[in-house]
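Visitor: I would like to learn how to read helix packing and charged pairs in a model. Please show me the case at hand.

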Amino acid sequence: MSDGRLSINQETIKQWSLPELAEGCVKAGIDKVGLWRAPVQSYGIERTARLLADSGLSVTSLCRGGFFTALDPAERARALDDNRAALDEAAALSTDTLVLVSGGLPEGSKDLHGARERIVDALGQLAPYAAERGVRLAIEPLHPMFASDRCVVSTLSQALDIAEHFPAEQVGVVVDTYHIWWDDQAPAQIARAGVGGRIHSFQLADWITPLPAGVLVGRGQLGDGAVDFRAFRTLAEATGFDGPIEVEIFNEDLWARDGAEVLAEVASRYAEHAC
């Protein structure tokens, strides 16, 4: 059913506890998962690490760090401290990738350029700390609809412009089909990222409409929307990328269903649309 590269992001089957996720993936023959900080912290960092190791599961990424764009120095210092904690957690979970959502515009600000400069400043402080722990920072561009309140980095081009201030083994990007499928520059930027060794995470979700209120949980099951997953995979692999492919779907309809049924459907859709 799988090509051995499929990773299940735990938010895709949010209704499952971590032990249920581990047991379900093992039963399905899937040996990779992507994790989120809040449920991991709730279960316990060391306890999670033991659970996954005992289950033979590897962690392809930890979501998320970031939120670097505050103007207030104290708030920015707190964000840096939180990101250092996230890097410690990633290292404890033996994952080499911390996904970053960079932050939106501060309240009352319209200065996109300034916000992006503060991201560079923050990464300059965090990159050495990450390298010491064997963790890569992965900047995730989010669809422009999130630019004001969540992430001023909207395209792979913008993400790479920031990442290229730093060594590729320290800072790269997330290629997430949900956020970049619409961008006619995406193919060239995937090539730029791949040649530079900066594709640190590759994530799949489909684009479906209408978007729900709040839009955050509008990610679609593979094959239900407008994204050509096989084409994006081909673009990434043409650069030499051969890493895990993580399915990350936030969707309340999926969360209301039986977890094992959702996992089986994700694996089937992955094989049908992304392999």
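Guide: Two packed helices are described by the angle between their axes and the distance between the axes. Here the axes of helix 8 (residues 186-195) and helix 9 come within 8 Å. They cross at roughly 35°. Axes are lines fitted to C-alpha atoms, for helices over the stretch in contact, with angles from 0 to 180 degrees between N-to-C directions. Helices are DSSP runs of H or I with at least four residues, strands are E runs of at least two, and both are numbered from the N terminus.

This is a predicted model: local features need pLDDT of at least 70, side-chain atom pairs count only at pLDDT 80 or more, and totals for chains, interfaces and linings use all residues. Residues are numbered from 1 along each chain as its sequence is written, and side-chain values use heavy atoms, with hydrogens and water left out.

Visitor: Which residues in helix 8 and helix 9 meet?

Guide: Helix 8 brings Ala186, Pro187 and Ile190. Helix 9 brings Phe232, Leu235 and Ala236. Contact means heavy atoms within 4.5 Å. The residues of this contact divide into 6 nonpolar, no polar and no charged. Nonpolar covers Ala, Val, Leu, Ile, Met, Phe, Trp, Tyr, Cys and Pro; charged covers Asp, Glu, Lys and Arg; the others, Gly among them, are polar.

Visitor: Now the charged pairs. How many salt bridges are there?

Guide: Side chains of opposite charge can pair when their charged atoms come close. The rule asks for a side-chain nitrogen of Lys or Arg within 4 Å of a carboxyl oxygen of Asp or Glu. The count comes to 18 salt bridges.

Visitor: Which residue forms a salt bridge with Arg233?

Guide: Glu237 does, with the closest N and O atoms 2.7 Å apart. Both lie in helix 9 (residues 229-238), 4 residues apart, about one turn of the helix. Arg233 is buried at 11% relative accessible area, whereas Glu237 is partly exposed at 32%. Buried means under 20%, exposed over 50%, partly exposed in between (1.4 Å probe, protein chains only).

Visitor: Which parts of the chain does the pair Asp88 and Arg133 link?

Guide: Asp88 and Arg133 form a salt bridge, at 2.8 Å between the closest N and O atoms. The pair links distant parts: Asp88 in helix 4 (residues 73-92), Arg133 in the loop between helix 5 (112-132) and strand 5 (136-139). They are 45 residues apart.
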